[in-house]
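Please look over the model shown here before reading the report on its sheet and helices.

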Amino acid sequence: LGEFAPDGFLVEARALAEQRIGRRDELAQLKAWIKRRDPRTAETARVGWLQGGPGLGKSMLVAALAADLANAPAARQGLYYHRFRAGDARCSRHAFLRLLQATLAEWGPLREVTARPGEAVSEGAPLLDDVRARLSQVAALPPARGSTPPRFVLLVDGLDEVAGADPELPALLRELALPGVLLVAAGRAEHGLEGVFAGPGCEPI
């Protein structure tokens, strides 16, 4: 995956967000859901589920959210945005985890307390374990001067595009919403995704 930059989807999101017309209320609702919660507290739902049918502008809305959140200072908030699309070489669990791993390794607050990943943790179970270990460090990060402790936001769109080939991936994503981490997942109500993103710790947006 060396040909793909960890911020590749974010670059695409900024371009897509410029095409957005309207949907200001929906975007404000998404931003408010993220802004008002402290992902370090046990009672906070750290997973938000956004669903919609084809052609309703769901992906454009998530792209606009990603572009907006990317403006936050890195000392206060980290961000990784991934859009699963059939036919895209990045539409796989491996691509998602590798690019997320690279993003976490470069995020300033985590870079100060974790080592760079080596080849031994670039595939399979070691890759997943490494990503989990990095995310598990977020809750203990100290606050920047005059600010709140940093958090990390995961935005994942198009889950219906990958869930058919990898039905266990959506549940794995839920597990990555560790203390200090917020996950906003979006997709069509297919492949049982509504059920995966229901129950304790999850909220529909």
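## Basis

This is a predicted model, in which local features need pLDDT of at least 70 and side-chain atom pairs count only at pLDDT 80 or more, while totals for chains, interfaces and linings use all residues. Residues are numbered from 1 along each chain as its sequence is written, and side-chain values use heavy atoms, with hydrogens and water left out. Helices (H or I, at least four residues) and strands (E, at least two) are DSSP runs, numbered from the N terminus.

## The sheet

Five strands form an open sheet in the order β2-β3-β4-β1-β5, with parallel pairing, where two strands pair if DSSP finds at least two bridges between them. The edge strands, each pairing on one side only, are β2 (77-83) and β5. Seven bridges join β2 to the parallel β3, and Q77 has R151 of β3 as its bridge partner.

## Helix α2

Helix α2 covers residues 24-35. Its residues L27, L30, W33 and I34 are buried (under 20% relative accessible area, with exposed meaning over 50% and partly exposed in between, for a 1.4 Å probe and protein chains only). Seen down the axis of α2, the buried residues fall within an arc of 125 degrees (taken from the directions from the helix axis to the C-beta atoms), so they line one face of the helix. On the other side of α2, R24, D25 and K35 are exposed.

## Residue Q101

Q101, in helix α4 (residues 93-106), is buried with a relative accessible area of 4%. The side chain of Q101 reaches the backbone oxygen of V121 at 2.9 Å.

Note on methods
Expected span 1.5 Å × (residues − 1). Polar contact = N/O pair within 3.5 Å; in protein donor to acceptor, adjacent residues only side chain to side chain.
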